[in-house]
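Keep the model open while reading.

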Amino acid sequence: MSSDEEEEEEVQVFEPRGFNDKLEVRREELEAVELILTATGMRRKEIMWVLAFDVYLCGLYTSPITLIRVQNCIREGSVTDLVDVMLSDSADGDAMVLRFVRDVEKQASLDAFAETFAGLPQEDIDQFTLELGSRLEDSGTHVDDEVIFYWLQGGGLVITQRGELTPAYHCP
């Protein structure tokens, strides 16, 4: 490829949507690790296929090792392996940050997660909903609240709201 062709190639810019490019996790239970922002998006709720409203921004942070593995999957066209790569027993852990752009009642949040997991065994959905419910505040989530999911080595999950650490939850 000539240098002229390289200049004409469209450059895609990653939009961080207000998330920091790195997330430092320095909690005893999670070990000390610096994660890299690798993806962002907006969760929208549609009502009757006509109206959609924004619920929360989502920032996915991964370890440098997971990022390389994900990039390799994408380069190789192995997107079917992407979920397995993201949820593998990474020693470095990964995190998903949900930053709310509107107030959401607790039960509405729980129902939304249960709906997202449709197709999994119902007892797993029920257990996750129960665990998440014990970790979210009774008043629900409010604008600028962050709910963070930290994946732990061996399959555990730590869930925080407003930075409050909760015990790890384990479910295969």
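Is Glu164 buried, partly exposed or exposed? Glu164 is partly exposed, as its relative accessible area is 49%; buried means under 20% relative accessible area, exposed over 50%, and partly exposed in between, with a 1.4 Å probe and protein chains only. The residue sits in the loop between β6 and β7. Helices (H or I, at least four residues) and strands (E, at least two) are DSSP runs, numbered from the N terminus. Between Glu164 and Val147 there are 17 residues of sequence separation and 9.5 Å of space, C-alpha to C-alpha.

The model is predicted, with local features requiring pLDDT of at least 70 and side-chain atom pairs counted only at pLDDT 80 or more, while totals for chains, interfaces and linings use all residues. Residues are numbered from 1 along each chain as its sequence is written, and side-chain values use heavy atoms, leaving out hydrogens and water.

The protein has 5 helices and 7 strands. Read from the N terminus, the order of elements is α-β-β-β-α-α-β-α-α-β-β-β. Of its 172 residues, 35% count as buried. The accessible surface comes to about 11,100 Å², and carbon and sulfur atoms hold 52% of it; such areas come from the Shrake-Rupley method with a 1.4 Å probe, and for residues only the protein chains shown count as cover. Among contacts (heavy atoms within 4.5 Å) with a separation of 6 or more, 59% join residues 24 or more positions apart.

Asp21 gives a local view of such contacts. It is found in the loop between α1 (3-8) and β1 (22-27) and counts as exposed at 56% relative accessibility. Leaving aside residues up to four places away in sequence, Asp21 touches Leu35, Ile36, Leu37 and Tyr61. Asp21 and Tyr61 are 40 residues apart in sequence, yet 8.7 Å apart in space, C-alpha to C-alpha.

Next comes the surface around the loop between β2 (31-47) and β3 (51-62), where Met48 lies. Met48 is exposed, because its relative accessibility is 67%. Together with Ile47, Trp49, Val50 and Leu51, Met48 forms a nonpolar surface patch with about 690 Å² of accessible area. Patches are made of residues with over 30% relative accessible area and no salt bridge, where like charges are joined within 9 Å and nonpolar side chains (Val, Leu, Ile, Met, Phe, Trp, Tyr) within 5 Å.

Helix α4 (residues 106-116) has four buried residues named here: Lys106, Ser109, Leu110 and Phe113. Down the axis of α4 these buried residues fall within an arc of 95°, so they line one face of the helix; the arc is that of the directions from the helix axis to the C-beta atoms. An α-helix has 3.6 residues a turn, so residues three or four places apart point the same way. The cover over the buried residues of α4 includes β4 (94-100), α5 (122-135) and β5 (146-151).

In α5, the buried residues are Ile125, Phe128, Thr129, Glu131, Leu132, Gly133 and Arg135. Their cover includes α4, β5, β6 (156-161) and β7 (169-170). The 14 residues of α5 should span 20 Å at 1.5 Å a residue, and the end C-alpha atoms are 20 Å apart, which agrees; the expected span is 1.5 Å times one less than the number of residues.

How many salt bridges does a search of the whole structure find? It finds 6, a salt bridge being a side-chain nitrogen of Lys or Arg within 4 Å of a carboxyl oxygen of Asp or Glu. One of them joins Arg135 and Glu131, with the closest N and O atoms 2.6 Å apart. Both of these residues lie in helix α5, 4 residues apart, about one turn of the helix, and both are buried.

Another salt bridge pairs the side chains of Asp138 and Lys106 (3.1 Å, N to O). Asp138 is in the loop between α5 and β5 and Lys106 in helix α4, so the pair ties together parts that are 32 residues apart in sequence. Asp138 is exposed at 70% relative accessible area, whereas Lys106 is buried at 17%.

A further salt bridge is between Glu146 and Arg99 (2.9 Å, N to O). Because Glu146 lies in strand β5 and Arg99 in strand β4, this pair ties together parts that are 47 residues apart in sequence. Glu146 is partly exposed at 26%, and Arg99 is buried at 18%.
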